Amino acid sequence: MRSDEALRAYVGLGSNAAGAAEHLEQALAALAALPDMRLGVVSSVYATEPQDYADQPWFLNRAAELLPGADWEPHALMDALLQIEAAQGRVRSPDPALRYGPRVIDLDLLLFGDVQSTHPHCLLPHPRLTRRAFVLVPLLEVAPQIRICGLPGRQWLARLPWRLEGHRIFQ
Ligand SMILES: Nc1ncnc2c1ncn2[C@@H]1O[C@H](COP(=O)(O)OP(=O)(O)OP(=O)(O)O)[C@@H](O)[C@H]1O
Ligand SMILES: Nc1nc2c(c(=O)[nH]1)N=C(CO)CN2
């Protein structure tokens, strides 16, 4: 059992399959339904230009704050995210066209308090967090004062060549 009961975890959510907004809502409901878990602040929905593999539909991205009960550990939460993805029909494939193609739901564990982990199953902070505006923008909406690896989240975002029009709030 953890000693820090006030710990916050942050999850990044993404979808670029048909019905993306509903897939994100469904994942949020599943997170809220985890045992001994409270869903905290949830960001707006951001429509974002695809990064890394451009030839695919735009994404909807959100971030959510979680308040895990004291029995939750990072690995267990990571397992829970993978189970939610699988339950929503996420299929993983080694084929690059599919690996970087449209996805029903992607859940990334961005931060679990200030835990640092180099375990490949559960890397913390999430290794690509500080170079992805589509993650940092929603994360900063729910946690404006967040610090990542010792620096304010805003400073990480300021380093990125992100374009505002690529992160429109979707309503
Ligand atoms: N912090 C983390 N959040 C999510 N998955 C992680 C994390 N650390 C390690 N992993 C591992 O990464 C794998 C998930 O990778 P996944 O297929 O979702 O990558 P991706 O969505 O294609 O790319 P990206 O991780 O860049 O968004 C899982 O096996 C998971 O255990
Ligand atoms: N805009 C955007 N681009 C991406 C995203 C994502 O969620 N949003 N996820 C990726 C792989 O996880 C790759 N590229």
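An oxygen atom of ligand 2 is placed 3.0 Å from an N or O atom in the side chain of D106, in a model that is predicted. Such a pair is a polar contact, that is, two N or O atoms within 3.5 Å. The side chains of N61 and R103 also approach oxygen atoms of ligand 2, at 2.9 Å for N61 and 3.2 Å for R103. Taken alone, ligand 2 exposes 330 Å², and the protein buries 94% of that area (Shrake-Rupley method, 1.4 Å probe).

The shell around ligand 2 includes T48, E49, P50, F59 and F134; a residue belongs to a shell if one of its heavy atoms lies within 4 Å of the molecule. By class, this shell holds three nonpolar, three polar and five charged residues. Here Asp, Glu, Lys and Arg count as charged, Ala, Val, Leu, Ile, Met, Phe, Trp, Tyr, Cys and Pro as nonpolar, and the others, Gly among them, as polar.

Ligand 1 is surrounded by 17 residues, of which R103, H121, L123, R128 and R132 are the closest.

| Protein atom | Ligand 1 atom | Distance |
|---|---|---|
| R103, polar side-chain atom | oxygen | 2.7 Å |
| L123, backbone N or O | nitrogen | 2.7 Å |
| R132, side-chain N or O | oxygen | 2.7 Å |

Ligand 1 exposes 610 Å² when taken alone, and the protein buries 84% of that. Helix 2, strand 5 and strand 7 each give two or more residues to its shell, and strand 5 gives the most, with four. Helices (H or I, at least four residues) and strands (E, at least two) are DSSP runs numbered from the N terminus.

A pocket is an open set of points on a 1 Å grid over the protein atoms alone, where a 1.4 Å probe fits, with protein on both sides within 12 Å along at least five of seven lines; lining residues have an atom within 4 Å of a point. Of the 35 lining residues, D106, D108, H126, R128 and R132 are the closest to the centre.

Residues are numbered from 1 along each chain as its sequence is written, and chains are lettered from A and ligands numbered from 1 in the order written. Local features need pLDDT of at least 70 and side-chain atom pairs pLDDT 80 or more, whereas totals for chains, interfaces and linings use all residues; side-chain values use heavy atoms, with hydrogens and water left out.

Note on methods. A polar contact is a pair of N or O atoms within 3.5 Å; within protein, one must be able to donate a hydrogen and the other to accept it, and residues adjacent in sequence count only if both atoms are side-chain atoms.
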